[in-house]
Amino acid sequence: VDVIFTADIFVTFNTGFIDRIKGEDILIDSHIAIAQRYLKGWFCVDVISSLPLDVIICSALSGDGQDGGGMGIVRVFKVARFLKLARLVRFIRMLNKWQSMSTSAAVANSVRLFKLVVGLLMSAHLMGCGWEFARVLQDCGRFTDASLAEDFADKPGMTFKQIDPDGRYGCECYYSKFQTTELKGTCEALNWMSKYDADLHDNGPVSDRYIACVYFTIIGLSTVGFGDISPATDTERVVSTLYTLIGAVVFALVIGSISEIAQRNNKFEESVASSVHAIADFLEHRNVPSEHNLSII
């Protein structure tokens with residue numbers, strides 16, 4: 001990716017642009033004018049986002065990055081990595097230009113479909129991360145024994161609500177606080193992941209957890225809702241409700257966009273069929289014999 005971004009800088013320095021002068025669109029192909037325009041625009045962001053920041057950060061951490069000054073530099077580089085997100089905006093602008101300048105309907109529709117798919121995947125990724133954040137935001141659990149709940153009910157920092165060892169809803173204890181050696185197993189995690197798959201919650205790798213989050217998001221965006229992954233706390237229910245509302249809107253937009261793309265591909269055939277029907281109606285109105293109608297059409 002860094003190599004592609006770096007190559008794009010050289011390409012941009014040699015790419016003309018359209019400028020409106022005295023009401024007329026003129027192609028500016030002067031290298032000086034192109035360089036001045038680029039240096040005043042996206043050049044700084046492009047250079048920073050093209051740097052091999054991962055290599056620099058790893059080198060800083062393995063070398064002098066362990067002291068205070070080195071860690072400060074590392075933090076600056078980590079913040080600079082967020083500028084890579086600005087390239088997404090630029091990439092979308094480039095796609096819009098290709099779509100508007102393309103003379104081929106197939107190319108324009110392909111670009112639009114590509115933007116739609118990328119937008120859906122990005123939305124699913126962000127919402128999946130939000131679904132995981134909702135899980136870790138509230139450290140919920142339930143006591144495995146009602147007598148244990150009575151013992152810890154009056155201690156400060158507890159969220160004891162009810163003594164119900166068989167219940168699956170509500171927060172009775174902070175799960176992480178009871179994972180010490182002597183108390184481990186006295187408090188059982190209570191969230192959507194432990195409810196869905198306890199082994200995934202306790203021992204599952206990050207990749208499997210991410211897939212579960214994105215899976216739930218895609219099911220929510222498509223408004224299918226199989227119900228195999230469901231909220232277990234009030235915070236997760238609120239997030240799930242918001243995702244359902246967002247999914248209804250996104251699903252309607254996706255269906256409308258795909259339908260429009262399909263209709264655009266059939267516009268030529270529809271235009272030809274409409275012209276043929278108009279000619280046939282005209283010939284019938286003028287009482288032209290049917291054997292001549294076929295030859296004319």
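**Exercise 1.** Classify Phe13 as buried, partly exposed or exposed.

*Solution.* Phe13 has a relative accessibility of 22% and counts as partly exposed, because buried means under 20% relative accessible area, exposed over 50%, and partly exposed in between (1.4 Å probe, protein chains only). The model is predicted: local features need pLDDT of at least 70, side-chain atom pairs count only at pLDDT 80 or more, and totals for chains, interfaces and linings use all residues. Residues are numbered from 1 along each chain as its sequence is written, and side-chain values use heavy atoms, with hydrogens and water left out.

**Exercise 2.** Determine what kind of aromatic pair Phe13 and Phe43 form, and where the two residues lie.

*Solution.* Step one is the rule: rings of Phe, Tyr and Trp (its six-membered ring) pair if their centres lie within 6.5 Å; planes under 30 degrees apart count as stacked, over 60 as edge-to-face and the rest as tilted. Step two applies the rule: the ring centres of Phe13 and Phe43 are 5.7 Å apart with planes at 65°, so the pair is edge-to-face. Step three places the residues: Phe13 is in helix 1 and Phe43 in helix 3 (residues 43-50), 30 residues apart. Helices (H or I, at least four residues) are DSSP runs, numbered from the N terminus. Phe43 is partly exposed, at 24% relative accessibility.

**Exercise 3.** State how many aromatic pairs the structure holds, and describe the one between Phe13 and Tyr38.

*Solution.* There are seven aromatic pairs. Phe13 and Tyr38 form an edge-to-face pair, with 4.9 Å centre to centre and 80° between the planes. Tyr38 lies in helix 2 (residues 31-39) and Phe13 in helix 1, so the pair ties together parts 25 residues apart in sequence. Tyr38 is buried, with a relative accessible area of 6%.
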